[in-house]
Amino acid sequence: MDKRLQNKVALVTGAGDPRSIGWGIALALADEGADVVVNDVNPSGLDDRAADLRARGVRAMGCAANVADSGAVTAMFAAAVAEMGRIDIVVSNAGIIRWEHFLDITPDNLRALVDVNLKGNVYVCRAAAQQMIAQGEGGRIIITSSVQAHRQFPITPVYGATKHAMFTFVGALALELAPHNITVNHIGPGWVRSALNDPAPDQQDAQGIEANRRAVPLHRPGDAYEMGRAVVYYASPDGDYVTGDYTRVDGGLGIGKYSLGNV
Ligand SMILES: NC(=O)c1ccc[n+]([C@@H]2O[C@H](COP(=O)([O-])OP(=O)(O)OC[C@H]3O[C@@H](n4cnc5c(N)ncnc54)[C@H](O)[C@@H]3O)[C@@H](O)[C@H]2O)c1
């Protein structure tokens with residue numbers, strides 16, 4: 001079967017860690033033939049990730065930048081276009097979390113969550129849209145939000161709020177960018193055992209992990225590559241007529257709290 005993203009160039013933020021969702025997304029895009037720019041604020045894994053992608057037969061480059069820094073995002077897009085020629089697909093995926101009861105929220109954590117999860121998406125999506133409009137051939141923007149975009153959880157109230165904000169943001173961008181044939185959608189992972197979740201209070205012992213497993217109707221964590229398959233849907237011709245949309249990729253976690261006891 002033909003690869004569906006051949007001759008497309010994708011940029012994925014927050015993809016430097018081999019356990020990350022961003023890396024799963026990068027792999028899924030490359031497996032469909034896309035060339036990939038791999039971004040992370042931490043430069044340490046980027047050369048290896050780019051080499052892994054090239055070994056799969058696509059062009060790839062690493063590009064370190066903090067998505068919360070507008071100037072760094074602009075420079076990243078300039079470097080990516082200089083090297084890869086164009087950008088057709090942007091996955092604004094980088095995000096951070098803090099576990100903190102509402103009454104304990106610190107200004108530093110509040111600022112960091114808003115900077116990365118809100119401003120970071122604004123900077124990356126704006127640079128993506130500017131580049132795609134300049135190219136004049138449409139494009140695809142996909143944001144990684146979360147199951148927390150629509151379902152509420154305790155001790156991550158600000159994180160959840162930044163993710164819920166993506167509904168409004170994605171819908172508004174879909175409207176503004178539709179005349180340019182740029183689609184904008186978001187995916188909502190549920191529970192992926194990436195480094196992001198390592199410090200989570202409910203991930204510290206076997207009992208907590210088992211409780212999490214049972215909370216997911218499909219009774220397992222998601223794999224980062226499975227998040228990538230959902231991104232491929234929006235990025236590929238299958239998603240040609242889909243914009244302003246949201247897909248949970250969460251094993252059913254977002255349906256609701258109650259299940260049939262041990263089922
Ligand atoms: N893991 C989950 O269960 C889960 C669930 C729902 C949503 N998400 C979302 O998925 C996305 C990816 O999460 P993950 O689990 O892969 O996290 P992760 O922490 O494992 O990986 C995120 C990567 O992003 C990078 N990063 C952090 N801040 C950055 C910045 N300012 N600029 C550029 N890169 C930055 C980190 O260095 C890291 O390599 C996030 O938006 C997160 O909120 C994750």
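This is a predicted model: local features need pLDDT of at least 70, side-chain atom pairs count only at pLDDT 80 or more; totals for chains, interfaces and linings use all residues.
The secondary structure consists of seven helices and seven strands. Their order along the sequence is β-α-β-α-β-α-β-α-β-α-β-α-α-β. The C-alpha trace spans about 50 × 45 × 35 Å along its principal axes. A compact globule of 263 residues would have a radius of gyration near 18 Å, and the protein agrees with this because its own value is 18 Å. Of the 263 residues, 45% are buried. Taking contacts between residues at least 6 apart in sequence, 73% join residues at least 24 apart.

The largest nonpolar core contains 72 residues. Ala10, Ile25, Ala26, Leu29, Val36 and Val231 have the most contacts inside this core. Beyond its neighbours within four places in sequence, leucine 29 is in contact with Leu5, Ala10, Ala34, Val36, Ile89, Gly228, Val231, Val232 and Ala235.

Helix α7 covers residues 224-235, and its 12 residues should span 16 Å at 1.5 Å a residue; the end C-alpha atoms are 17 Å apart, so the two agree.

Helix α5 has 21 residues, 157-177, and reaches 30 Å from its first C-alpha to its last, close to the 30 Å expected. Its buried residues are Val158, Tyr159, Gly160, Thr162, Lys163, Met166, Val170, Leu173 and Leu177. An α-helix has 3.6 residues a turn, so residues three or four places apart point the same way. The buried residues of α5 pack against α4, β5 (139-144) and β6 (182-189).

The ligand is surrounded by 32 residues. The closest are Gly14, Gly95, Ser146, Ser194 and Leu196. By class, this shell has 14 nonpolar, 15 polar and three charged residues. Elements that each supply at least two residues of the shell include α1 (21-31), β2 (35-40) and α4 (107-135).

Glutamate 32 lies in the loop between α1 and β2. Why does glutamate 32 count as buried? Glutamate 32 has 20 other C-beta atoms within 10 Å, and the cut-off for a buried residue is 20 or more. Leaving out residues up to four places away in sequence, glutamate 32 touches Lys3, Arg4, Leu5, Val232 and Ser236. Arginine 229 is 197 residues from glutamate 32 along the chain, and their C-alpha atoms are separated by 9.8 Å.

Arginine 140 lies in strand β5. Arginine 140 is buried because 26 other C-beta atoms lie within 10 Å. Its contacts, leaving aside neighbours within four places in sequence, are Asp88, Ile89, Thr183, Tyr234 and Ala235. Alanine 68 is 72 residues from arginine 140 along the chain, with 21 Å between the C-alpha atoms of the two.

Methods:
Residues are numbered from 1 along each chain as its sequence is written. A residue is near a molecule or strand if its C-beta atom, placed from the backbone, lies within 6 Å of it. Helices (H or I, at least four residues) and strands (E, at least two) are DSSP runs, numbered from the N terminus. Ala, Val, Leu, Ile, Met, Phe, Trp, Tyr, Cys and Pro count as nonpolar, Asp, Glu, Lys and Arg as charged, and the others, Gly among them, as polar. A nonpolar core is a set of buried Ala, Val, Leu, Ile, Met, Phe, Trp, Tyr and Cys residues joined through C-beta atoms within 7 Å. A residue is buried if 20 or more other C-beta atoms lie within 10 Å of its own, exposed if 12 or fewer, and partly exposed in between; C-beta atoms are placed from the backbone. Two residues are in contact if their C-beta atoms, placed from the backbone, lie within 7 Å. The expected span of a helix is 1.5 Å times one less than its number of residues. The radius of gyration is taken over C-alpha atoms; the globule rule is 2.2 Å times the number of residues to the power 0.38.
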